[in-house]
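Hello,

Here is the structure I promised to pass on to you. Have a look at it first, and then read my notes below.

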Amino acid sequence: MTSAPPAVEKVLARLTAAPKYRDVHPETIADLVRWEARATTDPAELERLVRARLHKVAALHLLTARPAALRKTLDRADLADPQARREWCRQVLAGHFSSAERLPDLDAFYPALFGLVPPPRTVADLACALNPFSLPWLREVSDARYVGYDFNSTFVALGNAFLSRAYPGNEVRHSDVLGGDSEVTADVALLLKTYHCMEGRRPGAGLALVDRLACRHVVVSFPTRAMNGRAAVFVPRHVAELAELARDRGWSWSRATLDTEDLVAIGKG
């Protein structure tokens, strides 16, 4: 086995030990270091490139709430009363830019999503962030076992603390689903507003993930508007990629559009 170049080893050691990235899965950092090492062998330049990409990939700025504060409110939250649980979960979802965008459509979101696929027994939510807190709405249309995946251990810990109290038997796993060793199996896999982020991390990564997932159905969603409020012009290109993949593989294809989110479902049979 060929050893990693010294620059890769040095930068990887520095970044995995950096407090700023302590919550990011080591495989995520290693993947980014290997990717950027194609362009340079200089350790300082390599670290600069990886830090810039980590800022985009980790997207720590999208979490507008403080994790410690969320955990404190979770410890005090009334999760036994269904209405109180929903109201509290809506407040939590407002603490992340992506899940906050979905709030106007949240009541209609899962009915639209599960209208595109047969009733599942298992759901895998990839790069889930705070989406485990949408389980009160998911449970209105499905009793499928929910397994979330995220490379940020803060999201994993928060999700598991909530699920263990409110929805035992469901879980969130600390994993980078783009890693070669990550195996995801489920009736339905969800890539909610994360496919285009994966493509930004490594061109072709999102499409390759959809292709290799050992799941009967994959639902990919995109925001209808970019963070600046304008139309999300990158969406048609990604939708066309997915449509071409489905045609090439002989898979089924369907779509639903809400005000804030565009959903594409691929059925692998």
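**Strands in the middle of things**

Strands E1 and E2 pair in the parallel sense, over 5 bridges. Two strands count as paired if DSSP finds at least two bridges between them, and the helices (H or I, at least four residues) and strands (E, at least two) are themselves DSSP runs, numbered from the N terminus. Before going further: this is a predicted model, so local features need pLDDT of at least 70 and side-chain atom pairs count only at pLDDT 80 or more, while totals for chains, interfaces and linings use all residues. Residues are numbered from 1 along each chain as its sequence is written, and side-chain values use heavy atoms, with hydrogens and water left out.

E2 also pairs with strand E3 (residues 171-174), again in the parallel sense, over 4 bridges. E2 is mostly covered, with 5 of its 6 residues buried. By buried I mean under 20% relative accessible area, by exposed over 50%, and by partly exposed anything in between (1.4 Å probe, protein chains only).

Thr122 has its place in strand E1 and is partly exposed, with a relative accessible area of 28%. Not counting residues up to four places away in sequence, Thr122 touches Ala144, Arg145, Ala186, Asp187 and Val188; contact means heavy atoms within 4.5 Å. Thr122 and Cys215 are 93 residues apart along the chain, yet their C-alpha atoms are separated by 9.6 Å.

**Helices**

Which residues of helix H11 (residues 205-212) are buried? They are Ala205, Gly206, Leu209 and Val210. Seen down the axis of H11, these buried residues fall within an arc of 135°, so they line one face of the helix. The arc is that of the directions from the helix axis to the C-beta atoms. The buried residues of H11 pack against strands E1 (122-126), E4 (185-192), E5 (214-223) and E7 (261-267), and against helices H10 (195-201) and H12 (235-249).

Val92 lies in helix H5 (residues 82-93) and counts as buried because its relative accessibility is 2%. Leaving aside neighbours within four places in sequence, Val92 is in contact with Leu70, Leu130 and Phe133. For a sense of scale, the C-alpha atoms of Val92 and Pro43, 49 residues apart along the chain, are separated by 40 Å.

The largest pocket has a volume of about 1,100 Å³. It is lined by 46 residues, and Lys56, Ala59, Leu62, Lys193 and Cys197 lie nearest its centre. The elements that give two or more residues to this lining are helix H3 (43-58), helix H6 (97-102), strand E2 (145-150), H10 and H12. H3 provides the largest share, 6 residues. By class, the lining has 23 nonpolar, 11 polar and 12 charged residues. Here Ala, Val, Leu, Ile, Met, Phe, Trp, Tyr, Cys and Pro count as nonpolar, Asp, Glu, Lys and Arg as charged, and the others, Gly among them, as polar.

A word on the method: on a 1 Å grid over the protein atoms alone, a pocket is an open set of points where a 1.4 Å probe fits, with protein on both sides within 12 Å along at least five of seven lines, and lining residues have an atom within 4 Å of a point. Grid points are joined across faces, edges and corners, and a volume is the space filled by probe spheres set on the points.

The second largest pocket holds about 220 Å³ of space. Of the 14 residues that line it, the closest to its centre are Lys20, Asp23, Leu60, Asn152 and Thr154. Its lining divides into 9 nonpolar, 2 polar and 3 charged residues. Thr154 is found in helix H9 (residues 153-166) and counts as buried at 17% relative accessibility. Apart from neighbours within four places in sequence, Thr154 is in contact with Asp23 and Pro67.

**Two backbone angles to look at**

Most residues other than glycine have a negative phi. Lys193, in the loop between E4 and H10, has a positive phi near 50°, and is buried at 7% relative accessibility. Ala127, in the loop between E1 and helix H8 (135-138), has a positive phi of about 55° and is partly exposed, with a relative accessible area of 31%.

Best wishes
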